[in-house]
Amino acid sequence: MSDALNKLTIAGARDALRKGEVSAVDLTMACMTAMDAAGDLNAFVHPTPEIALDQARAADARIQKGDAPAMCGIPLGIKDLFCTKGVPSQAASRILKGFKPEYESTVTSKLFDAGAVMLGKLNMDEFAMGSSNESSCYGNVVSPWRRGDDATPLTPGGSSGGSAAAVAADLCLAATGTDTGGSIRQPAAFTGIVGLKPTYGRCSRWGIVAFASSLDQAGPMTKSVRDAAIMLGTMAGEDAKDSTSAPIEVPDFEAMLTGDIRGKTIGIPREYRMDGMPDEIEALWAEGRKMLADAGAKIVDISLPHTKYALPAYYVIAPAEASSNLARYDGVRYGHRATLGTGDGITEMYEKTRAEGFGAEVQRRVMIGTYVLSAGFYDAYYNRARKVRALIKRDFEQVFAQGIDAILTPATPSAAFGLGEMANADPVQMYLNDVFTVTVNLAGLPGISVPAGSDRQGLPLGLQLIGRPWEEGDLLNTAQVLERAAGFAAKPAKWW
Amino acid sequence: MSIDIDTARRVAHLARIKVEEADLPALAGELSGILTFMEQLNEVDIDGVEPMTGVTPMRLKRRADVVADGDMQDKILSNAPDAREGFFAVPKVVE
């Protein structure tokens, strides 16, 4: 068993730990060995082996006492967006080079209090802005997946690309991600893993580097739906430090995985059938409908009429919030400060620091956000987008009021693309990656990407299920039925 | 809406990001492209719609007005690029 400990699921490892068949130290060592051999993927950018071993030893002691929670002794990767005390937390940006927080994010605190082990920090798109993990100051993450024998390096997706690659390549048992427009679900779909974005307010945002505060949510990226249920249970909960975290009880999500979805009603939104969508995606979606119908669910066509306006609304709201949030990177309190010339004053310090510290995509979004919030344009762009956002949310409320329990859609408009293939594309082309996921953030709903099949080149494809607010348990149950029916078991052939 | 070079320069300055003169035309082009994409929003009838503020209607929480922490000057300054005598240091602001 010892040569495959890093391949375990959270549930499998938990059960083996409780039976005394393995130790947390063994699990951690197996993951660290896999990490050391996976430099080509560039997923882990700040390994923390000493912290990991200390936490693993403490977890073993706790397990021996017999009262260990489910996440105790489970080795995880942590997205670089989470502030981790004393450990570099850079949001993959040059502007936070050298930043070591004096505090721990609420989500990572909860995981570590439950006994989870941190293997290190994971690569991502800079400030979580991107869909291909090509905007990181650490360089690209390379997906463990390839198109058959073709060695072209592929994107793991983004922005949680390091998390997705690390879980898919079995460098860790699971990872934290964050999702502002699809940054958990799109990379999960590209790498054949499960990615859950909880209801907005389910997990505290405190200590997570902010991108767009009304959209950002942390969530688990795991090898199975059951693992997502277990890990979410530990990450979630009200937090006095985040006034938008909801005072809603966190149920035992794992206990809600009954495998029974008879009588549930699944909506199929006609607006998600896009012109030019590959046949394979269309076919996968049809198979998903059939799998849920075979399991006893009722399948109903629905309409979400404002869907096509979600992306433009998102690309007003998210940059607007980002331009405000990223104003704090001024070269004064933390991170990078530009070397100043003679006579340079404080304005030059800000302007040079931010020009040197932010990458091209971040600069672009900060400037778009600045523009749409500037005098004279606030109503035309920002307020209009917020009103369209209200209509997008209302679309969902109306179908849920009609008795829809969950909505099935493709997770992405294509399989993973090659690194660099979008380099000459218009920025808007890259934004289209989020076309199926971004509505969920705008409406604040829970959404999950489940691996459901492969394209003809053998690359994973995902289906997305969207649930009612706060009903992650029900959503996870439907997702597990889909996961089992699809039976996706492929793993990337090891080349790294 | 198309963004000209002067507007691009003004936006860069408002965002406190130094952009070289030679790079302004390309920046103006990119920003214009993105704004054109956003203009689809003008097709939507938004009469009488309130802007969305939150997902679940919820009163903003209030906390007790008490000092919960403090006395951590060293921690706060520990990541500063330039800290002196217990303060953040910046170039001279007032002549």
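The legends below describe several close-up views of a predicted model.

In this model, residues are numbered from 1 along each chain as its sequence is written, while chains are lettered from A and ligands numbered from 1 in the order in which they are written. Local features need pLDDT of at least 70 and side-chain atom pairs count only at pLDDT 80 or more, whereas totals for chains, interfaces and linings use all residues, and side-chain values use heavy atoms, with hydrogens and water left out.

**View 1. The contact between chain B and chain A.**
Where contact means heavy atoms within 4.5 Å, the interface takes in 51 residues of chain B and 68 residues of chain A. The size of an interface is often given as the accessible area lost when the parts come together. Here the two chains bury about 5100 Å² between them, with 70% of that area on carbon and sulfur atoms; buried area is the accessible area (1.4 Å probe) that two parts lose on being put together, summed over both.

Side chains of opposite charge can pair when their charged atoms come close. A salt bridge is counted when a side-chain nitrogen of Lys or Arg is within 4 Å of a carboxyl oxygen of Asp or Glu, and by this rule there are 4 salt bridges between chain B and chain A. One of them joins B:Lys61 to A:Glu238, with 3.4 Å between the closest N and O atoms. On the side of chain B that touches chain A, helix H1 (5–14) and helix H2 (24–38) of chain B each supply at least two residues, and H2(B) gives the most, with 8 residues. Helices (H or I, at least four residues) and strands (E, at least two) are DSSP runs, numbered from the N terminus. Sorted by class, this side of chain B has 30 nonpolar, 10 polar and 11 charged residues, where Ala, Val, Leu, Ile, Met, Phe, Trp, Tyr, Cys and Pro count as nonpolar, Asp, Glu, Lys and Arg as charged, and the others, Gly among them, as polar.

**View 2. Two cysteines of chain A.**
A disulfide is a pair of cysteine sulfur atoms within 2.5 Å, and a search of the whole structure finds 0 of them over all chains. The sulfur of A:Cys83 is too far for a bond, because the closest cysteine sulfur, in A:Cys137, is 14 Å away. A:Cys203 is likewise in no disulfide, its nearest cysteine sulfur being that of A:Cys83 at 16 Å. Buried means under 20% relative accessible area, exposed over 50%, and partly exposed in between (1.4 Å probe, protein chains only); A:Cys83 is buried at 3%, and A:Cys203 is buried at 1%.

**View 3. Salt bridges in chain A.**
Over all chains the count comes to 29 salt bridges. In one of them, A:Glu280 meets A:Arg456 at 3.7 Å, N to O. A:Glu280 lies in helix H8 (residues 279–294) and A:Arg456 in the loop between strand S10 (447–454) and strand S11 (460–467) of chain A, so this pair ties together parts that are 176 residues apart in sequence. A:Arg456 is exposed, at 69% relative accessibility. A further salt bridge joins A:Glu361 and A:Arg364, whose closest N and O atoms are 2.6 Å apart. These two residues are separated by about one helical turn, because they stand 3 residues apart in helix H11 (residues 360–373) of chain A. A:Glu361 is buried at 12% relative accessibility, and A:Arg364 is buried at 14%.

**View 4. The surroundings of A:Arg147.**
A:Arg147 has its place in the loop between strand S3 (117–122) and helix H5 (161–168) of chain A, and is buried, with a relative accessible area of 16%. Its side chain is joined to that of A:Glu421 by a polar contact of 3.4 Å. Leaving aside neighbours within four places in sequence, A:Arg147 is in contact with several residues, including A:Thr152, A:Phe417 and A:Gln457.

Methods:
Polar contact = N/O pair within 3.5 Å; in protein donor to acceptor, adjacent residues only side chain to side chain.
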